[in-house]
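Trainee: I have a new model open and would like to learn how to read it. Could we go through it together?

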Amino acid sequence: MSRGAPSRGGSLAAERRQAYLLVAPAVAVLAAVALYPIGAALWLSLHRHIVVFHERSFLGFANYRFLLADARFWSALGHTAYFTVVAVSAELALGLPLALILHEARRGRGLLRALVLIPWAIPTVVAAKLWAWLLNPSYGLINRLLGGADINWLGHPVLALHTAIVVDAWKTTPFVAILLLAGLQGIPEDIYRAARVDGASSFRIFRSITLPLLRPALALALLFRTLDALRVFDAIYVLTEGGPANTTETLSLYAYKTLMRAGDFGYGATLSVVTFLCVALAAAALVRGLGRGWEEAR
Amino acid sequence: MRSRGRGLGYAVAVVALLTFFLGPFVWQVLTSLWPDDQLGRALPRSLTVGAYASVLGGRPFVRWIANSLAVAAATTALCLLIGTAAGFALAKLEFRGRRLLLGAALAISMFPPIATVSPLYLALRAVGLRDQLAGLVPPYATFALPMTLWILSSFFRQLPDELYQAARVDGCTPLLAFRKVLLPLAAPGLFTTAILVFIFSWNEFLYALTFLSSPEKRTVPVALSLLAGEHKEPWPEIAAASVVATLPLVALTILFQRRIVSGLTAGAVKG
Amino acid sequence: MARLSLEGVRKVYRSGVVAVHEVTLEVADGEFVAIVGPSGCGKSTTLALIAGLEQPTSGHIRIDGQPVEDRSPRERDIAMVFQSYALYPHMNVRRNLAFPLEVAGLAREVIAERVRETAALLGLEGLYERRPRELSGGQRQRVALGRALVRRPKVFLFDEPLSNLDAALRTEMRGEIKKLHERLAATFIYVTHDQAEAMTLSDRVVVMHEGKVQQVAPPREVYEAPANRFVAGFFGTPRINLVPPSTLGIERADGLEVGVRPEQVAIGRGGPPESALAAQVYLVEPTGAETWVTVALGQARLTARAPSDFVPRSGEAVWIQVDARHLHWFDAGTGRRVSAPPSP
């Protein structure tokens, strides 16, 4: 640790303090809207708090004990985990070819990127409505293309969850592609030329050069998308509201219903906190697991 | 001959991708022009703007757009105001806790919104901001401010250190150097941040759904989700509403695609 | 114009890296001091410490006797020319020149007068309205110089200002900087990795290596009496020949290393003169003005500077001869300069 510098007086030290002044407003706002609510949610989760009845009593960890035995919670966790794994895999699998295509584009590269970004830019609600209409049992295009089939996409538990996955993938693959594209653009042209001169085939180049050098970007996309998928709310809410019969209910949705529909702020907070913990755990695990790969590839 | 085959495969891939990503949208536009009574057919025989008339005339649509505009603009303004100087400090100044702040910002943007909904609800209610558009701005800062800090600090970092040093040697305090030398050069970064914060704020759903209850205060995403007909869902109207609601976003995306991409990858590439 | 002194200045970074080890230096008023060394030697850090862009971990920095190590750059009355010039891209030449004076709050008429004066000195009239990106490399250099001059500071600092110029322009600007110093009689601290620049420009040279000062002396002395092996090898092109004494046929000189400059190595064909050594040509490099011939002598190789008409073939047998009066002796272990061993 460099000693001496911060503890000295003089104008240099005074100017160093200016830095704190500049970041203070941002720190204050973040503490107020993010850190405080998390602490407050933790506190809330230890109570029984029904807003409508103005009822409020301290329960200790009773809510958490209840949660561990709550079958609906475990289903929600399962749905969320399944959604995350499938959606993120699909997005990475689709995003990479998309990134490669965008990378190859010569003419109209800008327009292509813009068009492909449109699904990302529109509200999730709109995206969900778009697909709900396409999958409408009576009038939807998909059923028509399937020769007049009568599939109720959103009414069937398994199909409904996968529909949500398709909506999520449709909307966020462009984002993944953009991240991967940045990674691709970071690979110097000379490396490819050297590989060509060494006689490597396109596939070989992709496997031995492109993919390893893309690892940081892939890791980043994996991290961001996983954390986003674990928090999914909008699409499911609009498509099925968790139905039919809670078969597509995810953690966020269950917590929301408990809070806003049942007005149970105590248990709702408990669910929220647990959701937060799941996301935090996933983040920690990914950062640790990917951190190694990241450092290697740098 | 290899490049020609490649060219064909490439063209096919592009068409397939465009179909997948834009197809639903195109279909939605078509639906919005579809006459109600012809919904049973495979394709409409004629097109009508009746749905648009109903959407723009009948419901408080303009109101909803104004609401979204107000909240998004306010959030963007607030974040730029407090985030720009902070982004500069994070990039160019040495102080304890710098890395911690950036890390904390990233972590905060990863919070599930549902986690903060309950206390925020109670807090907003306590200060009388529940069901007020202004009450949405603080919660929106949860994701908008970290994004601002990451993009702008990355942007300021790209400005040469020597420019800041020259300003210091020329007699500027850090604040003065920021104002006179670095800030004017940061305009593109500010613009990029503004676009992204605006888009994310406009599209936000959970907080808007939870904290606002009056119909006339709804933002566009919430209003669209609650659009219901008397008997069955008025699909052409929903489609029309979707198209109108997203037209500004589509325009923003096409016009500023390069900035959006640079903003999204700003923090990422430096990682 | 002022005196500058560094007393035991030390800079340790938070990572534990010691960038500068206890540097002590006295610079007289109006002196041109060059700080040279390879990249990473600590010269730029030292300059940053003098400028106030970094704060020393310990030690004192004084300008005209006043301690300034706690003061920000704006209170030190120094000016700096950067390697990349660091001209403000959003301001035209006039504003770039005027900026330091505006910040200082000088009156508008004073600013205008000084800017005009400085521009005239550097030949920048007619460029007032241009932006930096519309200027050539040499013009940008001058504007950077002008921005420093306009303030009339006590000390001028230069951080490798010529590194970004091509060779021809570099030589030209070098001369201009030297002329500028003569004209202003101001204190110049000039950092460079180019030993030729240091030699031609400065009154005294400070040689740094791995954060430590190796030698502080006028250019001639640094060249003719280098304090250690590193300094000897840093100055002079081609590099000084450093070989074990036995290679040159000198016995009873254990634990020592001997250095001889290429221009002190005589080389020729045919019948060797007395006390010459037989060698074999290894590499021939004609430079136009002369020929550099590297020969193999036992296990070692030596380079000699020969006239341009002497162009042997690789592998040819030649003789070389060195004058014992022009040998440099170093301790083989520490590398420090020692006196010649007694002749047998």
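Trainee: In chain B, what share of the contacts with a separation of 6 or more comes from residues 24 or more positions apart?
Mentor: Before the number, keep in mind that this is a predicted model. For chain B the share is 79%, counted among contacts with a separation of 6 or more. In chain A, residues 24 or more positions apart make up 72% of such contacts.

Trainee: Since it is a prediction, how do I read the confidence? What is the mean pLDDT of chain B?
Mentor: The general idea is this: where pLDDT is low, predicted coordinates should not be read in detail. Chain B has a mean pLDDT of 85, with 93% of its residues at 70 or more.

Trainee: Now the overall build. How many helices and strands does chain B have?
Mentor: Chain B has 13 helices and zero strands. Its pattern along the sequence is therefore α-α-α-α-α-α-α-α-α-α-α-α-α. The globule rule gives 18 Å for the 271 residues of chain B, but the radius of gyration is 23 Å, well over that, so chain B is more spread out than a compact globule. Its C-alpha trace spans about 75 × 70 × 30 Å along the principal axes, and 51% of its residues are buried.

Trainee: Let me go back to helix α7 of chain B. How many of its nine residues are buried?
Mentor: To read burial, count neighbours: a residue is buried if 20 or more other C-beta atoms lie within 10 Å of its own. Seven of the nine residues of α7(B) are buried, so this helix is largely enclosed by the rest of the structure. Those seven are B:L163, B:Y164, B:Q165, B:A166, B:A167, B:R168 and B:V169.

Trainee: What covers the buried residues of α7(B)?
Mentor: The cover includes α3 (61-92) and α8 (174-185) of chain B, together with α1 (43-51) and β6 of chain C. After the helix comes B:G171, with a positive phi near 110 degrees.

Trainee: That brings in chain C. How many residues of chain C are in contact with chain B?
Mentor: There are 17 residues of chain C in contact with 14 residues of chain B. On the chain C side, β6 (78-81) and α2 (93-104) each supply at least two residues, and α2(C) gives the largest share, four residues. By class, this side of chain C has 14 nonpolar, two polar and one charged residues.

Trainee: How is chain C divided into domains?
Mentor: The domain assignment gives domain 1 (4-234) and domain 2 (241-338) of chain C. The centres of these two domains, taken over C-alpha atoms, are 38 Å apart. Seven residues of domain 1 contact eight residues of domain 2. The domain 1 side of that contact has four nonpolar, two polar and one charged residues.

Trainee: Which residues touch the most other members of the largest nonpolar core?
Mentor: They are A:L180, C:L157 and C:I189, in a core of 240 residues. Helix α7 (residues 157-185) of chain A gives the most to this core, 15 residues. Another core, of 14 residues, lies apart from it and includes C:V265, C:A306, C:V318 and C:V322.

Methods: Residues are numbered from 1 along each chain as its sequence is written. Chains are lettered from A and ligands numbered from 1 in the order in which they are written. This is a predicted model: local features need pLDDT of at least 70, side-chain atom pairs count only at pLDDT 80 or more; totals for chains, interfaces and linings use all residues. Domain bounds come from an automatic or database domain assignment. Two residues are in contact if their C-beta atoms, placed from the backbone, lie within 7 Å. Ala, Val, Leu, Ile, Met, Phe, Trp, Tyr, Cys and Pro count as nonpolar, Asp, Glu, Lys and Arg as charged, and the others, Gly among them, as polar. pLDDT is the predictor's confidence in each residue, from 0 to 100. The radius of gyration is taken over C-alpha atoms; the globule rule is 2.2 Å times the number of residues to the power 0.38. A residue is buried if 20 or more other C-beta atoms lie within 10 Å of its own, exposed if 12 or fewer, and partly exposed in between; C-beta atoms are placed from the backbone. A nonpolar core is a set of buried Ala, Val, Leu, Ile, Met, Phe, Trp, Tyr and Cys residues joined through C-beta atoms within 7 Å.
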